[in-house]
Amino acid sequence: REYLGLEHARSEELTAQLDAELQQALAQKLARGERPSADEDRLVELFAESRWTAAYELLLAMGDEEPELLSFDLPAALERLYLATLADLDRAFGELMAGLDARGLSENTLVIFTSDHGEMVGDHAMLEKRSFYEEASRVPLLICAPWLGKGQHSIPGSVSQIDLVPTLLDLLGSDISGHLQGRTQLAVLQG
């Protein structure tokens, strides 16, 4: 079950194409009488195991060291791996939610999904998160609190992660300590 409905089949198609390009690049290297490096061998293993996040990180690390391997479009390859990672994450999150449902826990379980940073994925000709462009600083924040009775919806505007702890404490009916810097955003969640 998918949670946000990301196109898992599309990500598999993109990564299959990338795998074919990787295999072609390695075949060309072998045809020149060159042996694949340990990183190249590891990349092939990661592709075979569909471990897209690890492959993405290895490709980032290899970028400057293995230019002959990366004869294909590196930004496009990284974007495809990133999208495949997101689709896998979406599927796993859906499995978590289905597991809570199957155990009768979904109606009284607070589920939070967020991240500490975004990802550039080649935007502005940059990789990783080393800037303050929106792509690197904007992060997902999913809050599933069934007792609010609102169903799935999107809240416009911005929320700071500094407000997350006070909001969670308020959601759970706990006291909010005066030393916390953030403010509860429960009213925003309640509409």
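Helices (H or I, at least four residues) and strands (E, at least two) are DSSP runs, numbered from the N terminus. The model is predicted: local features need pLDDT of at least 70, side-chain atom pairs count only at pLDDT 80 or more, and totals for chains, interfaces and linings use all residues. Residues are numbered from 1 along each chain as its sequence is written, and side-chain values use heavy atoms, with hydrogens and water left out.

The secondary structure of the chain comes to 7 helices and 2 strands, in the pattern α-α-α-α-β-α-β-α-α along the sequence. Of the 191 residues, 31% count as buried; buried means under 20% relative accessible area, exposed over 50%, and partly exposed in between (1.4 Å probe, protein chains only). The accessible surface of the chain comes to about 11,700 Å², of which 52% belongs to carbon and sulfur atoms. Such areas come from the Shrake-Rupley method with a 1.4 Å probe, and for residues only the protein chains shown count as cover. Among contacts (heavy atoms within 4.5 Å) with a separation of 6 or more, 57% are between residues 24 or more positions apart.

In helix 2, the residues Glu40, Leu43, Leu46 and Phe47 are buried. These residues are on the same side of helix 2 because they cover an arc of only 120 degrees around the axis, the arc being that of the directions from the helix axis to the C-beta atoms. Ala38 and Ala48, on the other side of helix 2, are exposed. Glu40 counts as buried because its relative accessibility is 0%. The side chain of Glu40 is joined to that of Lys29 by a polar contact of 2.8 Å. A polar contact is a pair of N or O atoms within 3.5 Å; within protein, one must be able to donate a hydrogen and the other to accept it, and residues adjacent in sequence count only if both atoms are side-chain atoms.

In soluble globular proteins, nonpolar side chains tend to be buried together. A nonpolar core is a set of buried Ala, Val, Leu, Ile, Met, Phe, Trp, Tyr and Cys residues joined through side-chain atoms within 4.5 Å. The largest such core has 14 residues, of which Leu43, Phe47, Ala55 and Leu81 touch the most other members. Helix 1 (8-31), helix 2 (38-48), helix 3 (52-62) and helix 4 each supply at least two residues of this core, and the largest share, 6 residues, comes from helix 3. Another core, of 6 residues, lies apart from it and includes Leu168, Leu171, Leu186 and Leu189.

Helix 6 (residues 164-171) has Leu164, Pro166, Thr167, Leu168 and Leu171 buried. The cover of these residues includes strand 1, strand 2 (141-144) and helix 7 (186-190). Gly173 follows helix 6 and has a positive phi, near 75 degrees.

Rings of Phe, Tyr and Trp (its six-membered ring) pair if their centres lie within 6.5 Å; planes under 30 degrees apart count as stacked, over 60 as edge-to-face and the rest as tilted. The count by this rule is 1 aromatic pair. The ring centres of Phe93 and Phe113 are 5.6 Å apart and the planes lie at 65 degrees, so the pair is edge-to-face. Phe93 in helix 4 (residues 74-102) and Phe113 in strand 1 (residues 111-114) are 20 residues apart, and the pair links distant parts of the chain. Phe93 counts as buried, at 10% relative accessibility, whereas Phe113 is partly exposed, at 23%.
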